[in-house]
Amino acid sequence: HTKEHLAVLIPFESALMLNTIRWESEMKPMSDLKLPPKGKTDLKTNELKMATQLIGEMTSSWKAADFKDKFSNTILKLVNHKIELGETEKVEPLETFNNEEEMSNVVDLTNLLIQSLKKNKAV
């Protein structure tokens, strides 16, 4: 959790949603993709028909509950197992910061929202 992430704050109905987004280095420009010209493929009619049928059979409505974070769940099980065995020790942080300037540029949105609300009440 020490890695910095890009994010966008999106107002949605009566809530604020925070979505993580990708760094530029994580994205490929379209020009780097080896795509055939639009409407042109080397697929035979039967292959295209079979692919369309396969996609149709495998398509379903999105249900977030159908997907689990297996990695995090496995890590949590391992941690709990270590705790049960008493195999714990104090972990020192990898980095220490001497002052505010060395810390990441993460902004505490809660404090900003509280300050903003206080200003609006005063008006």
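Biologist: How many helices and strands does the secondary structure of the protein come to?

Modeller: The model is predicted; local features need pLDDT of at least 70, side-chain atom pairs count only at pLDDT 80 or more, and totals for chains, interfaces and linings use all residues. Residues are numbered from 1 along each chain as its sequence is written, and side-chain values use heavy atoms, with hydrogens and water left out. Helices (H or I, at least four residues) and strands (E, at least two) are DSSP runs, numbered from the N terminus. From that end the elements run β-β-α-α-α, and the secondary structure comes to three helices and two strands.

Biologist: Which residue in the turn between β1 and β2 has a positive phi?

Modeller: Strands pair if DSSP finds at least two bridges between them. Strand β1 (residues 6–12) and strand β2 (residues 15–21) run antiparallel and are joined by seven bridges, with P11 opposite L16 in β2. The two strands form a hairpin with two residues between them, and the turn residue with a positive phi, about 50 degrees, is E13.

Biologist: Are W62 and F67 buried or exposed?

Modeller: Buried means under 20% relative accessible area, exposed over 50%, and partly exposed in between (1.4 Å probe, protein chains only). W62 has a relative accessible area of 64%. F67 has 53% relative accessibility, so both W62 and F67 are exposed.

Biologist: Why is the pair of W62 and F67 described as it is, and what is it called?

Modeller: Rings of Phe, Tyr and Trp (its six-membered ring) pair if their centres lie within 6.5 Å; planes under 30 degrees apart count as stacked, over 60 as edge-to-face and the rest as tilted. The count comes to one aromatic pair. The ring centres of W62 and F67 are 4.7 Å apart and their planes are at 15 degrees, so the pair is stacked.
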